[in-house]
Number of protein chains: 2
Amino acid sequence: MKPKAVIFDAYGTLFDVHSVVLRAGRAITGNLQVLSDLWRRRQLERTWLLSLMERYEDFGRVTEFALRASIKELNLEVSDGQIERLIEAYLSPDSFPDVGPALERLTGAPLAILSNGTPRMIEAAVSHNQLTPFFGELISADQVKTYKPSPRVYALGPATLNIPTADILFVSSNAWDAAGAKAFGYQVCWCNRSGAAADDLGFAPDFTVTGLDRLPNP
Amino acid sequence: MKPKAVIFDAYGTLFDVHSVVLRAGRAITGNLQVLSDLWRRRQLERTWLLSLMERYEDFGRVTEFALRASIKELNLEVSDGQIERLIEAYLSPDSFPDVGPALERLTGAPLAILSNGTPRMIEAAVSHNQLTPFFGELISADQVKTYKPSPRVYALGPATLNIPTADILFVSSNAWDAAGAKAFGYQVCWCNRSGAAADDLGFAPDFTVTGLDRLPNP
């Protein structure tokens, strides 16, 4: 069924979280990929654990805690100023190169973002990449004080857009996020840019693309 | 306050999950630590993600899925027989060397286990290590069809033992599990054998030991 709206995940899907470390991490370590991967992993783990514990701290705090934990784990020597620059850079991640052209083409349906980020973080990332005009709604998990893949977060999509879940296409590059959206009832596209192995947790996406420029125009 | 009972986590706390790969993984890879670490990581991630999605599959299935995902991710060539042997070996992990002596000494209060494992998995691991006589209760998250650190799992402790949460000492080597237990209201000991960096998610343990033989007798 043709989707009546498209909702995008933000970090990892529209925005390249690795660009943050590339921009602001060079003074700290020669192995930027290791820091970036660990930071992302600790960030996601913290969202999952706190959510399961039924505790909440916002995504800005989670992101800073995860960075400090990663730096400690890697035994890096980092000043407070360097940490501040990394956290600041997280507000302006680069979008992936396929994002702009893909959004230009998707004229058939309203577009939105549903992200773990706080409203301030999402708005800053969208604005930094001049993507503001494309999105009707920027929806933050902060509204329900828990994180993906909780159904309470995915429920914000249909509630905000006032469109039934089954009529919305949810697009994510995070396999676990695609699985969570599918379990909730969205039409789901997994954007697998990196050729990652599929792990759909038992909830396979409806289709997979290798870049957002391959998304069919709804 | 002196605890009236002690509840232990199983995998990673009493039982060395790495012993499984040491016993049954040698034919598969030369880098046993990498396989073991990735298997454990994918196993835990799967419990957290499925729990947050409000879906459930038992810990036996989670463990097998995680093993298959890890093998695929590491590009290892493995036969079905070899996978079966690893899954079988997971039913008889070795206990850490400090476990037996520690349990012998802890005569002041009833002891129990609260684990993500299915009843069959917990019983098999306890029995394999001749630890059956020490434990009054083997409590499985399977009863509530979700996983730690959900408060619904931790609630099984006081409910089963009929002792208030605050009067029970919960012992875990998994920092996130210690945090979850603390957030729920237990007295908590983090058993940090490996000298891992603390990440208590904002819920610090009451005390930390470097081995179970350092536990004070209640």
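Which residues are linked with Arg42(A) in a network of salt bridges? The network is made up of Arg41(A), Arg42(A), Glu45(A) and Glu73(A). A salt bridge here is a side-chain nitrogen of Lys or Arg within 4 Å of a carboxyl oxygen of Asp or Glu. Side chains of opposite charge can pair when their charged atoms come close.

The model is predicted, so local features need pLDDT of at least 70 and side-chain atom pairs count only at pLDDT 80 or more, while totals for chains, interfaces and linings use all residues. Residues are numbered from 1 along each chain as its sequence is written, chains are lettered from A and ligands numbered from 1 in the order in which they are written, and side-chain values use heavy atoms, with hydrogens and water left out.

Within it, the side chains of Arg42(A) and Glu73(A) meet in a salt bridge with an N to O distance of 2.6 Å. This pair links distant parts of the chain, 31 residues apart: Arg42(A) sits in helix H2 of chain A, and Glu73(A) in helix H3 (residues 59–73) of chain A. Helices (H or I, at least four residues) and strands (E, at least two) are DSSP runs, numbered from the N terminus. Arg42(A) is buried, at 18% relative accessible area, whereas Glu73(A) is partly exposed, at 40%. The cut-offs are these: buried means under 20% relative accessible area, exposed means over 50%, and partly exposed is in between (1.4 Å probe, protein chains only).

Now for helix H2 of chain A itself. H2(A) has 21 residues and spans 30 Å from its first C-alpha to its last, close to the 30 Å expected at 1.5 Å a residue; that expected span is 1.5 Å times one less than the number of residues. Of the 21 residues of H2(A), 17 are buried, so the helix is largely enclosed by the rest of the structure. Just after H2(A) comes Glu54(A), with a positive phi of about 60°.

Next, the place where the two chains meet. Here 26 residues of chain A are in contact (heavy atoms within 4.5 Å) with 26 residues of chain B. Chain A and chain B bury about 2,400 Å² between them, and 73% of that is on carbon and sulfur atoms. Buried area is the accessible area (1.4 Å probe) that two parts lose on being put together, summed over both. In chain A, the residues that lose the most area to chain B are Leu52(A), Met53(A) and Leu201(A), together 29% of what that side buries.

The rule finds two salt bridges across this interface. In a salt bridge between the chains, the side chain of Arg46(A) meets that of Asp199(B), at 3.2 Å from N to O. On the side of chain A that touches chain B, helix H2 (32–52) and helix H9 (175–184) of chain A each supply at least two residues. H2(A) gives the most to that side, with eight residues. Sorted by class, the side of chain A that touches chain B has 14 nonpolar, four polar and eight charged residues. Ala, Val, Leu, Ile, Met, Phe, Trp, Tyr, Cys and Pro count as nonpolar, Asp, Glu, Lys and Arg as charged, and the others, Gly among them, as polar.

Over all chains, the structure holds 26 salt bridges. One of them joins Asp167(B) to Lys4(B), with the closest N and O atoms 3.1 Å apart. Asp167(B) is in the loop between helix H8 (156–161) and strand E6 (168–172) of chain B, and Lys4(B) is in the segment before strand E1 (5–8) of chain B, so the pair ties together parts that are 163 residues apart in sequence. Asp167(B) counts as buried at 8% relative accessibility, but Lys4(B) counts as partly exposed at 48%.

Lastly, a spot in chain A. Ser115(A) lies in strand E4 (residues 111–115) of chain A and is buried, with a relative accessible area of 1%. Leaving aside residues up to four places away in sequence, Ser115(A) touches residues including Tyr11(A), Ile139(A) and Lys148(A).
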